[in-house]
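Open the model in a viewer that lets you select by residue number. The stops below say what to select next and what is there.

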Amino acid sequence: MNILYIGSGFVGACSAAISAASGHNVLVYDIDEKKIQMLGSGDRDTVESCLFEDGLGDLLVRNKERIEFTIDYGKVEDFLDICDGIFMCLPTPEIGETGESNLNYYFDAAQKLSEGLKKRNNGSQDKYVVIVNKSTVPIDMVNKTQEIMDEAGVKNYGVVSNPEFLVEGKAVEGSLRPDRVVVGAWKEQDFEIMRRMYQRFYDSPTVKYIEVNPKEAAAGKLLANFTLFNKLAICFDVIGRTCETFEGLNYESLRKVLATDPRIGTWGLYDSLYAGGSCFIKDARSLSHQLQTAGQGAALVDGTYLANKRQLEMFIGRAEKEVSFDWTNKKIALIGTAFKRDTNDIRNSASIDIGHFLKEKQVDEVHIYDPAAMDNFKLVFEEGDQFIYHNHEFDAVKDCDVIIIATDWPQFRGLADVIIPESKEKKPLIMDGRRMLQHRYGDLQEAGFDVIAVGSPFIQGKK
Ligand SMILES: NC(=O)c1ccc[n+]([C@@H]2O[C@H](COP(=O)([O-])OP(=O)(O)OC[C@H]3O[C@@H](n4cnc5c(N)ncnc54)[C@H](O)[C@@H]3O)[C@@H](O)[C@H]2O)c1
């Protein structure tokens with residue numbers, strides 16, 4: 001089948017690659033020229049330096065005959081003559097702190113698309129096409145898409161909602177072997193086209209292929225994300241806080257007690273200083289906004305958002321509260337800038353708020369390391385005298401007053417091996433926002449380091 005992707009970010013690029021690998025002929029359009037060049041380069045390393053997703057580079061290189069990236073709308077218009085499905089993978093960020101989704105990216109793309117669709121097949125519009133919302137959108141978005149198309153005079157089309165459930169960092173693996181595919185449509189004809197596009201999943205005995213209406217599909221995505229976000233908030237704000245408050249409670253031990261109950265499950269049972277990324281926060285805010293606009297209360301949704309938000313403030317505040325730490329003129333190591341491991345995405349990363357806080361506190365130097373996300377971080381905190389970037393976490397921590405661990409890259413678990421022997425004179429305060437060194441807290445304490453960790457009471461170093 002012939003499939004067009006509009007928007008080539010994490011969602012668009014990864015699912016376009018899967019479509020090509022499923023035997024379809026794929027065209028990907030984006031307005032970002034640099035991104036299109038890099039993703040279409042045919043070079044694995046170039047792809048990965050654009051979108052750090054395990055397996056994406058290999059998949060694009062392997063299927064390069066079946067996938068093309070373009071910024072040329074003329075190509076898109078030609079493709080519309082034969083196109084079976086158009087996946088809309090546009091950003092839908094929050095407008096300020098209102099909860100409302102900014103749909104301008106989507107509307108701009110849909111408007112332009114409607115003009116192209118109207119002209120297809122020399123104006124006869126003979127070819128039936130489905131427009132598929134893959135972006136996370138408000139529940140009534142299907143109506144808005146239809147309005148745009150109808151107003152422009154587009155004929156012979158259907159609108160489908162097919163929310164994306166990928167997990168960044170595991171997007172390719174997750175999309176090749178999804179646990180579910182959710183397709184929302186009004187018409188059997190649209191379901192039929194979607195089944196053909198997703199034949200490999202429709203036929204798979206391990207994938208739950210769920211057909212609902214478009215509003216249920218959109219609502220299902222928002223509610224699924226809220227449920228996961230709420231679980232994370234419980235882990236941070238209730239389980240973590242309990243462990244920080246009462247001596248003798250170990251987070252990892254309690255996790256074992258909880259995780260063995262299948263009703264609770266294992267997903268998300270870790271402590272952190274923030275659930276960041278591009279989805280959980282904005283989707284919870286959007287759900288709250290939609291409920292309130294419809295005259296409902298959204299206390300639990302808002303409470304979850306606030307519980308997440310306060311973690312970082314509480315964590316950073318502990319330095320002043322527990323060791324009377326004065327940040328002025330200090331040398332800080334900031335370890336990890338991605339919002340989580342296995343990605344170069346820094347959207348809603350705790351490190352951004354930490355960077356702004358350190359600037360405000362007029363620290364002397366911030367020494368930074370992340371295995372994948374430093375280029376993106378440099379766009380926010382320019383490399384210079386205050387923000388200094390390193391090629392290894394061991395270099396970044398040298399001679400610092402505080403070491404803040406903000407991302408859970410597995411390699412950071414080895415940091416104590418270098419901190420303990422190499423910090424004989426000056427013992428930095430260890431602030432572990434991810435419990436990456438929990439297996440070494442006892443050794444660090446014995447060696448004289450003070451440790452502030454999420455999910456632990458203050459650990460005072462032996463002097
Ligand atoms: N990132 C995730 O993990 C994830 C998971 C599930 C769902 N989603 C949802 O999917 C949607 C896309 O997310 P993303 O992370 O891929 O976003 P992204 O910001 O990584 O990518 C969006 C792309 O759209 C392009 N774009 C903007 N306006 C355009 C236009 N008019 N025409 C063509 N291209 C245009 C941008 O240049 C960008 O490359 C959002 O609604 C998001 O909530 C994201």
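## Stop 1: Asp237

Select residues 214–245, which form helix α11, and pick out Asp237 within that helix. The model is a predicted one, and the values quoted on this tour are to be read accordingly. Is Asp237 buried or exposed? Asp237 counts as buried because its relative accessible area is 17%, and the cut-off for buried is under 20%.

Now show the side chain of Arg241. The Asp237 side chain is in polar contact with the Arg241 side chain, at 2.9 Å. If neighbours within four places in sequence are set aside, the contacts of Asp237 are Ala307, Arg310 and Gln311.

## Stop 2: the two domains

Colour residues 2–211 as domain 1 and residues 213–463 as domain 2. The C-alpha centres of these domains are 33 Å apart. How many residues of domain 1 are in contact with domain 2? The count is 34 residues of domain 1, in contact with 27 residues of domain 2.

## Stop 3: the ligand

Keep the domain colours and select the ligand with the residues around it. The shell takes at least three residues from domain 1 and at least three from domain 2. There are 27 residues around the ligand, and those that come nearest are Asp30, Lys35, Thr92, Glu168 and Lys282. By class, the shell holds 12 nonpolar, 7 polar and 8 charged residues.

Next, show distances from the oxygen atoms of the ligand:

- Lys35: an N or O atom of the side chain is 2.7 Å from a ligand oxygen.
- Leu90: a polar backbone atom is 3.4 Å from a ligand oxygen.
- Thr136: a backbone N or O atom is 2.9 Å from a ligand oxygen.

The ligand taken alone exposes 830 Å², and 91% of that is buried by the protein. Which elements give two or more residues to the shell? They are α1 (10–21) and α6 (104–119).

## Stop 4: Gln125

From α6, move to the loop between α6 and β5 (129–133), where Gln125 is found. Gln125 is not a glycine, yet its phi is positive, at about 55 degrees. Its relative accessible area is 6%, so Gln125 is buried.

## Stop 5: helix α15

Select residues 350–360, helix α15, and show the side chains. Which residues of this helix are buried? They are Ala350, Ser351, Ile352, Ile354, Gly355, Phe357 and Leu358. In an α-helix, residues three or four places apart point the same way, because there are 3.6 residues a turn.

Following α15 is Gln362, with a positive phi near 55 degrees.

Then go to Ser349, in the loop between β9 and α15. Ser349 counts as buried because its relative accessibility is 3%. A polar atom of the Ser349 side chain is 2.7 Å from the backbone oxygen of Thr337. Not counting residues up to four places away in sequence, Ser349 touches Thr337, Ala338 and Phe339.

## Stop 6: Val366

Select Val366 in strand β10. Its relative accessibility is 0%, so Val366 counts as buried. With residues up to four places away in sequence left out, Val366 touches Ile332, Leu334, Leu358, Gln386, Phe387 and Ile388. Leu358 is also among the buried residues of α15.

For a distance check, pick the C-alpha atoms of Val366 and Leu269: they are 30 Å apart in space and 97 residues apart in sequence.

## Stop 7: either side of β12

Asp399 is in the loop between α17 (393–396) and β12. Asp399 is not a glycine, but its phi is positive, about 60 degrees.

End at Phe412, in the loop between β12 and α18 (415–422). Phe412 counts as buried because its relative accessibility is 0%. Apart from neighbours within four places in sequence, Phe412 is in contact with Ile335, Gly336, Tyr369, Pro371, Glu393, Ile405, Thr407 and Leu437.

Technical notes:
Residues numbered from 1 in each chain as written. Predicted model: local features only at pLDDT ≥ 70, side-chain atom pairs only at ≥ 80, totals over all residues. Heavy atoms only, no water. Near = heavy atom within 4 Å. Polar contact = N/O pair within 3.5 Å; in protein donor to acceptor, adjacent residues only side chain to side chain. Areas by Shrake-Rupley, 256 points an atom, 1.4 Å probe, with all protein chains shown as cover. Helix = DSSP H or I, 4+ residues; strand = E, 2+ residues; numbered from the N terminus. Nonpolar A, V, L, I, M, F, W, Y, C, P; charged D, E, K, R; others polar. Domains from an automatic or database assignment. Buried < 20%, exposed > 50% of the residue type's maximum accessible area, 1.4 Å probe, protein only. Contact = heavy atoms within 4.5 Å.
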